[in-house]
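Please read this report alongside the sequence and the 3D view.

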Amino acid sequence: MVTRRPYARFRPHTPIRPLFRCRECGGPWPCQPARLVLLAMYQDDRHRLAVFLASRLLAAIEDQPGREPMDLAARFLGWLPPASAKSDASGGGSRLPADQRNYEE
């Protein structure tokens with residue numbers, strides 16, 4: 001008896017250039033399955049994920065000169081979760097300088 005592995009039927013959701021549509025589902029890349037895989041692959045280094053997606057964004061902008069770059073940026077980068085406090089260089093999870101973090105109006 002042959003047992004099937006749960007991942008045996010999974011096909012990678014990779015982009016087709018120049019339109020950057022998903023090879024598997026046909027949706028705009030990164031599609032939801034691609035996003036989940038990317039988050040899992042880069043779970044320990046979200047900054048590297050952002051750099052990877054920015055490189056794909058630049059390729060998409062070059063491949064699609066008629067598209068609005070801000071729309072592509074929202075599609076490629078807008079879904080990324082915010083950086084966690086432990087990965088933030090400021091150490092406190094805030095992007096404000098230390099002397100401005102407790103500022104109250």
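## Confidence of the model

Over which residues does pLDDT stay under 50? The stretch is residues 88-105, for which the model has nine contacts beyond four places in sequence. Here pLDDT is the predictor's confidence in each residue, from 0 to 100, and a contact means heavy atoms within 4.5 Å. Where pLDDT is low, the predicted coordinates should not be read in detail. The protein chain averages a pLDDT of 81, and 70% of the residues score at least 70.

This is a predicted model, in which local features need pLDDT of at least 70 and side-chain atom pairs count only at pLDDT 80 or more, while totals for chains, interfaces and linings use all residues. Residues are numbered from 1 along each chain as its sequence is written, and side-chain values use heavy atoms, with hydrogens and water left out.

## Overall fold

The protein chain has three helices and two strands. Read from the N terminus, the order of these elements is β-β-α-α-α. Helices (H or I, at least four residues) and strands (E, at least two) are DSSP runs, numbered from the N terminus.

Of the 105 residues in the protein chain, 22% are buried. Buried means under 20% relative accessible area, exposed means over 50%, and partly exposed is in between (1.4 Å probe, protein chains only). Among the contacts in the protein chain with a separation of 6 or more, 40% come from residues 24 or more positions apart.

## The nonpolar core

A nonpolar core is a set of buried Ala, Val, Leu, Ile, Met, Phe, Trp, Tyr and Cys residues joined through side-chain atoms within 4.5 Å. The largest one has 16 residues, and those with the most contacts inside it are Phe-20, Trp-29, Leu-38, Leu-49, Leu-53 and Phe-76. The elements α1, α2 and α3 each give two or more residues to this core, and α2 gives the most, with five residues.

Leaving aside residues up to four places away in sequence, Leu-38 touches Trp-29, Pro-30, Leu-49, Phe-52, Leu-53 and Trp-79. Gln-64 is found in the loop between α2 and α3 (69-77). With 8% relative accessibility, Gln-64 counts as buried. Its contacts, again not counting residues up to four places away in sequence, are Pro-18, Leu-19, Phe-20 and Leu-72.

## Aromatic pairs

The structure holds three aromatic pairs. Rings of Phe, Tyr and Trp (its six-membered ring) pair if their centres lie within 6.5 Å; planes under 30 degrees apart count as stacked, over 60 as edge-to-face and the rest as tilted. Tyr-42 and Phe-52 form a stacked pair, with 6.1 Å centre to centre and 20° between the planes. Tyr-42 sits in the loop between α1 (32-41) and α2 (46-63) and Phe-52 in helix α2, ten residues apart. Tyr-42 counts as buried because its relative accessibility is 17%, whereas Phe-52, at 28%, counts as partly exposed.

Ring pairs also join Phe-20, Trp-29 and Phe-76 into a cluster.

## Salt bridges

How many salt bridges does the structure hold? There are two. A salt bridge is a side-chain nitrogen of Lys or Arg within 4 Å of a carboxyl oxygen of Asp or Glu. One joins the side chains of Arg-17 and Asp-63 (2.7 Å, N to O). Arg-17 lies in the loop between β1 (15-16) and β2 (21-22) and Asp-63 in helix α2, so this pair ties together parts that are 46 residues apart in sequence. Both count as partly exposed, Arg-17 at 45% relative accessibility and Asp-63 at 27%.

Arg-48 forms a salt bridge with Asp-45, and their closest N and O atoms are 3.3 Å apart. Arg-48 counts as exposed, at 54% relative accessibility, while Asp-45, at 29%, counts as partly exposed.

## Cysteines

A disulfide is a covalent bond between the sulfur atoms of two cysteines. The cut-off used here is a pair of cysteine sulfur atoms within 2.5 Å, and a search of the whole structure finds zero disulfides. For Cys-22, which is in no disulfide, the nearest cysteine sulfur is that of Cys-25, 3.6 Å away. Cys-22 is buried, with a relative accessible area of 3%. Cys-25 is likewise in no disulfide, and it is partly exposed, with a relative accessible area of 46%.
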